[in-house]
Amino acid sequence: MPQPDRLPGTPDFRIKLPQDGAEARGYLLTRFGGNGTNKFLLREGSLVTAEEWPGLGRHARRVRAELRAEGALVDAPAVPGQLQDAPTRWAVTRDIECNSSSAAAALVFGYDASGPESWRTDEGHPLSDYLSTGWRPPHKAWLVRGSNVSGHNLVRQLWLKEGFVSLSGALLPPLEESDPTKSALRRFVEEGYEGAASYHQKQGLVDELHAFLTQMRVGDTVATYDDDRLYLGRITGDALQTTSPGGLSNLRRTVTWRTEGHAYDELPGELRQKLSVQHDVVDLTGVLDALEGLDGEAADTDETEAAETLERPAPKELTLPEISDALAGELLVHDRAWLEELRELLLDEKQLVFYGPPGTGKTYLAMKLAEYFGGGPEQVKIVQFHPSYAYEDFFEGFRPVEDPETREVAFRLTAGPLRELADLASREGNRHVPHFLIIDEINRANLAKVFGELYFLLEYRDRSVRLTYSGDDFPLPPNLFVIGTMNTADRSIALVDAAMRRRFAFVELSPRTEPTAGLLARWLEREGRDPEPARLLDALNSRIDDADFAIGPSYLMKPGVYRDGGLERTWRTKILPLLEEHHYGEGIDVAARYGLDSLGERPA
C-alpha cells in the first residue's frame, strides 16, 4: 500500500518491549510536529505497555486515555503459554499519528523516552541515523574544560572575566562553513594535525570540535570547572575562529556566566558522574535538570514548544519502599527488623550477596525483594554465572550476527544484561526507579574476568570509566542495585577475593539461624500440614558437622513432598545424594546415618 506521507528513504522502526518481546512498529512522516521534528506514525497492530510510570507527563497520559476511550488501544489477547504474571499489553487498532518519535516512544513505553534512540531498525540502527544532521534537542547542556590548557588556567584568566568559552584549534585551516560536518572536520584534523597527534587524539579532537562548532547553539547551558567549583553560564553567540596567543583559545563562543560557583562536594551524584568523564567537551544534556536546579532556574523554553512537549515531573529522590507486613508475611520472616536491615544495606552499599547451603531460598528471596523494591518484574534482570561466563557475555562484546538479507555473518558490538539494565535505569524518567540485577551463583565465575573495569564502578558510583570495547565513558546508575547468591556447598566464601568482599555486603542464610531456621515450621503451619518434616530437618542438620553442607528447608516446601510416598522419595533422591557427595571417600554409610529410619520416622 502506498504511503505518501512517509519520509523518503527511511525504513520501518520498531521498539521491543522488555520481558515478553512484544513489539511496536512505525515510521517517520514528512510533516513536522510542534517541536520541529518529523512526526511519527505508530502502526496498527503494534503492542504497547498498559502501565504508566512516574516519568510520563500529563499530556502523554491524556493522549493515552483518549486513545483508550476511542478504542484505538484495546486489551491485547493473551498469548498461549503466557505466564500468569506477564505484563499487561494494549494492542493498537489503527494507525496513530504522533507529534514526534519521542511522543510515540512515550506512548509505547509508558514513560518519557528519547524517540531517536529508542526506535530502531530491524538491524538495530537508531532512528537518529535517519534524521537530518541539523536535528538536536531544543536545549542542551555542555561541560567545557579549561583549567589546564597546555598548562594555562583559561577559566580563571579569561573565560569568567571576559565572558566566553573556547577550544584550542591552532593547526586548523580557516573554516568557511558555519556548521561544518563531521566528515569535513575529520579531513581538516587529518591534514592539520598529521604527525602532531595520535590517531586516538585526532578522533577525540574531531568529536570535540563537532560538538563545539555544530552541536552547541545559542541558549544552551554551559558549565566549566575550576578549584573544586562548578560555574554555569548561557551561550550567547555563534562560534568564531580568531587568533590567540599560542592558539590556546582561537575557537570561541560568548557566554553570560552566573556569578556564583557551586562546590563540588555539594553537587548531585549524577552530576559528579558526568564531571568525571575525561574529555574537553562533554554533553551534559542528560543531567540538564540537575544543572538548572543548582540555581533554582528552569531552562528557557518557547511557550508553543512547552505545550507540545511531554511535561516532566519534578525530580524524585531515589529510595526503596518500606518493609510491609504483607511482604514479611509472604516471606514468612517473623522478624521484620531482619528485612529492614536488608533494605538499609541495599541503600548504603547498592550490592549484597546472599550466601548459604543449598535449599535456603537465596534466589527466591532475591527475586521477591527485587520485585518488591523495584515495583515489578520489568525492573529486574536475572543472570546465571558459570565457569565459562565472561565480560563479553555480561556487559558488552563483539558477537557474530547474520545479515537477514545476504546471510553473511559479521561481528557486531552487542550489549549484555548489565549494560541493557544500566541503560534502562539511566533513562530520563527512570532515574528514581530502583532497578535490580540478580546474579545467581555469583561465585561460579571468574569474577575479575567477568567484571573487568566495572569492579571500580561497584565501589565508586559517582565516577565513570572508559569501556574496553565501545570506548564510551560509562557510569553505573545509582538506581541500579545488584543482588548475588552464593552456594557455600559449591565453593567456600573464603575463596571470594578481597575486592569482591569489599564491594558487596554478605548476608548469611543458614538452616541453623533465623529467619531460615524456623522457616519450614512456619510454612507447614500456614499450609495446615503436620509439623513432623520440620522436626526431621532439624534432626538431620544437627548430625551434619559442616554448616556449609546443611540442608535448607526449600527441599521440603514443594507439593510433591506431601503426596503418597513423597517425603521418602524426596529424601532418597534429593537430600541423601548431596550428603553422599559431601562424605565421598570417607566410608560413611550415608543412608544409615541420615536416612529417615535413623531419624525416627518410617513413612507409610
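Tutor: Residues are numbered from 1 along each chain as its sequence is written, and side-chain values use heavy atoms, without hydrogens and water. In this predicted model, local features need pLDDT of at least 70, side-chain atom pairs count only at pLDDT 80 or more, and totals for chains, interfaces and linings use all residues.

Student: Why are helix 18 and helix 19 called roughly antiparallel?

Tutor: Helix 18 (residues 519–527) and helix 19 (residues 532–543) pack at about 170°, with axes 8 Å apart. Angles over 145 degrees, on a scale from 0 to 180 between N-to-C directions, count as roughly antiparallel, so the pair is described in that way.

Student: Which residues of helix 18 and helix 19 meet?

Tutor: Leu520, Ala521 and Leu524 of helix 18 meet Pro533, Ala534 and Leu537 of helix 19, where contact means heavy atoms within 4.5 Å. By class, this contact has six nonpolar, no polar and no charged residues; Ala, Leu and Pro are among the residues that count as nonpolar.

Student: What makes Gln273 buried or exposed?

Tutor: Gln273, in helix 7 (residues 269–275), has a relative accessible area of 8%. Buried means under 20%, with a 1.4 Å probe and protein chains only, so Gln273 is buried.

Student: What does the side chain of Gln273 reach?

Tutor: The side chain of Gln273 reaches the backbone oxygen of Leu476 at 2.9 Å.

Student: Where does pLDDT stay under 50?

Tutor: pLDDT, the predictor's confidence in each residue from 0 to 100, stays under 50 over residues 298–313. The protein averages 85.

Methods:
Helices (H or I, at least four residues) and strands (E, at least two) are DSSP runs, numbered from the N terminus. Angles under 35 degrees count as roughly parallel, over 145 as roughly antiparallel, 65 to 115 as roughly perpendicular and the rest as oblique. Buried means under 20% relative accessible area, exposed over 50%, partly exposed in between (1.4 Å probe, protein chains only). A polar contact is a pair of N or O atoms within 3.5 Å; within protein, one must be able to donate a hydrogen and the other to accept it, and residues adjacent in sequence count only if both atoms are side-chain atoms.
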